[in-house]
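Reader: I'd like a close look at one part of this model, and then at the charged pairs. Could you walk me through it?

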Amino acid sequence: MSYEALDQSLSAQSFRRLQIASVVVIGRQFKAEAGSFRMDAFRDAILQRGPIETFALKTVQEFIQPQKQTKLAQDENQMLENMLRTLLQELVASAAQSGEQIMQYGQLIDDDDDENTHGQIPHLLDVVLYLCEKEHVEGGMIFQLLEDLTEMSTMKNCKDVFGYIESKQDILGKQELFARGKLVMLRTCNQLLRRLSKANDVVFCGRILMFLAHFFPLSERSAVNIKGVFNTSNETKYEKDPPNGISVDFNFYKTFWSLQDYFCNPASLTSTPTKWQKFSSSLAVVLNTFDAQPLSEEEGEANSLEEDAATFNIKYLTSSKLMGLELKDSSFRRHILLQCLILFDYLRAPGKNDKDLPSETMEEIKSCEDRVKKLLEITPPKGKEFLRAVEHILEREKNWVWWKRDGCPPFEKQPIEKKSPTAGQKRRRQRWRLGNKELSQLWRSADQNPNALTDSQRVRTPAIADYWKPLADDMDPSAGIEEEYHHKNNRVYCWKGLRFAARQDLEGFSRFTEFGIEGVVPVELLPPEVQSKYQAKPNEKSKRAKKEETKGVSHEAEGNQVGVSNSEAEAEGGRGEAEAMESDAIADTPTPEEQQRLGGSDTDNGQEVGQIEDAETEEGSLMEETDLDPPPMPIS
């Protein structure tokens, strides 16, 4: 090929490459112009005035064109997030160029209310928050925009941004949003805390910490120092060499401020015994000085900084020239003594190994703690109240220590699901309306028949002979009834029989003290071979008859003198004897086991009259489920 042909071929190839490059440049320029036009249109649409719910979703559907009309897919969410972050960056840059506060830049003034002003950035955040709350877009998008906004803002503007976050705390804390953005919000707040000054921005730091405490649940592990790591970088610098013309004991000065090394890292005391000995000796010197120089009430009130403590982050100066003045400050003393109590509380915290500190050291800690508490109590003003508050706080702190030691289990408990009863499940116990079967049956009968309680035929007292007939049969040797089956073992039966005898058979009742319950049975019911055992001796009968005759004569003489009718005297005497006999008989109150034996014959397999309709039957005795005594048989 000739040089001319080769040159023409290379020129043609270069021309084609130039044509391709020009087309690419023109395409990129056109795409950039189209993207800029699209961003301007999106900005105008997303920042328009009016209720957010009327245009927010419509704007997203118009620019994103989602496959799902009300909820974006993953790639669609990413596209919308990129557009919003780009728009937010442009708004912040425009606010910085104009010199305005970013949260007040481009305020939209409502025609109806001139005081209702709203910047473009808060308006944009409101639109995104609405979309996230209604689950049209991914819930973590609003948190990502807030993080970008704080990173692009100065600390002065960050206060306004954080004020917006505080105002939307309830919405951001909803479960559907919180689960998606809690880590982003935690990272945002931690970055703000790192940028803030711990000495000059105390209030702002407190606002962030309070927001985190309310935003995250109590059982959130991310806010807990699980390993118990101490901030050893917080060093207290003090003078090592005595200056010229010092007016205080420099050795005490060094001993006093050396305690801060142990307060900064309490775990170092458990490493070697020598460190604890050095600390205890230094602390004893300081406590002895506090004891030797007590503060009066006037000095405590004059030098106290408690009223201004809420606005100052106290970091005491360590100059040796100020040592004498600081010792006269009650707040300064409380600060040091409180550090001692916190240190002791850490050393005696639950879960510490016994090998860390010996028992002698623990006893020494207890004595030092008592001494520190006494110093706090006598430190004015209001030393006792201050000590009680500190003890209460330290006692509550133990709960957190136990919680951290157990791995921070969640406080929230899931509701118990109600399980439907199955065939194999144990049946519930039988319930009675008035506690036991007899009372419920009596109440049910009275409900069906109101006259049952006033019916004259209702109260029926059996004859004394009929009542004691079963026990008399048991006492007959020819019957062959075993001892354990005798009616005398039924305490309910015996108790009722004593009441009958006290009313109807005083002679038989008097035999109870000599022969027991079998002596109360009328003699005529017993077989001949048993009657002789329980019959009273003749001389005793004669003595008792003479005594009764003498008593009757004396009663007649007294009745004539006092003027009381014989009928009233007999009534009073009968009532007194009956009450005395009842008090003796009540001492033998039946047990629930005897109640069961007494009422066992009356039970059947069907549902009783006094039983509640919806109760289910259960195996076992009914009388064992209640502590109420059985109702006594009415006596006429």
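Reader: Let's start with P217: is it buried, partly exposed or exposed?

Author: Before the details, keep in mind that this is a predicted model, where local features need pLDDT of at least 70, side-chain atom pairs count only at pLDDT 80 or more, and totals for chains, interfaces and linings use all residues. Residues are numbered from 1 along each chain as its sequence is written, and side-chain values use heavy atoms, with hydrogens and water left out.

Now to your residue. P217 is partly exposed, because its relative accessible area is 33%; buried means under 20%, exposed over 50%, and partly exposed is in between (1.4 Å probe, protein chains only). You'll find P217 in the loop between α9 (202–215) and α10 (250–264). Helices here are DSSP runs (H or I, at least four residues), numbered from the N terminus. Leaving aside residues up to four places away in sequence, P217 touches F178 and E412, where contact means heavy atoms within 4.5 Å. E412 is 195 residues away along the chain, yet the two C-alpha atoms are separated by 9.2 Å.

On to the charges. Side chains of opposite charge can pair when their charged atoms come close. A search of the whole structure turns up 17 salt bridges, each being a side-chain nitrogen of Lys or Arg within 4 Å of a carboxyl oxygen of Asp or Glu.

One of them pairs E138 with R180, with 2.7 Å between the closest N and O atoms. That pair links distant parts of the chain, 42 residues apart: E138 sits in the loop between α4 (120–133) and α5 (141–151), and R180 in helix α8 (residues 175–195). E138 counts as partly exposed at 23% relative accessibility, while R180, at 51%, counts as exposed.

Another salt bridge joins R348 and E369, the closest N and O atoms being 2.8 Å apart. Here R348 belongs to the loop between α14 (330–347) and α15 (359–378), and E369 to helix α15, 21 residues apart. E369 is buried, with a relative accessible area of 6%, whereas R348 is partly exposed at 29%.

Then there's K373, whose side chain meets that of E391 in a salt bridge (3.6 Å, N to O). K373 lies in helix α15 and E391 in helix α16 (residues 383–405), so this pair ties together parts 18 residues apart in sequence. K373 is partly exposed at 22%, and E391 is partly exposed at 32%. Salt bridges that share partners join R348, E369, K373 and E391 into one network.

Key:
Helices (H or I, at least four residues) and strands (E, at least two) are DSSP runs, numbered from the N terminus.
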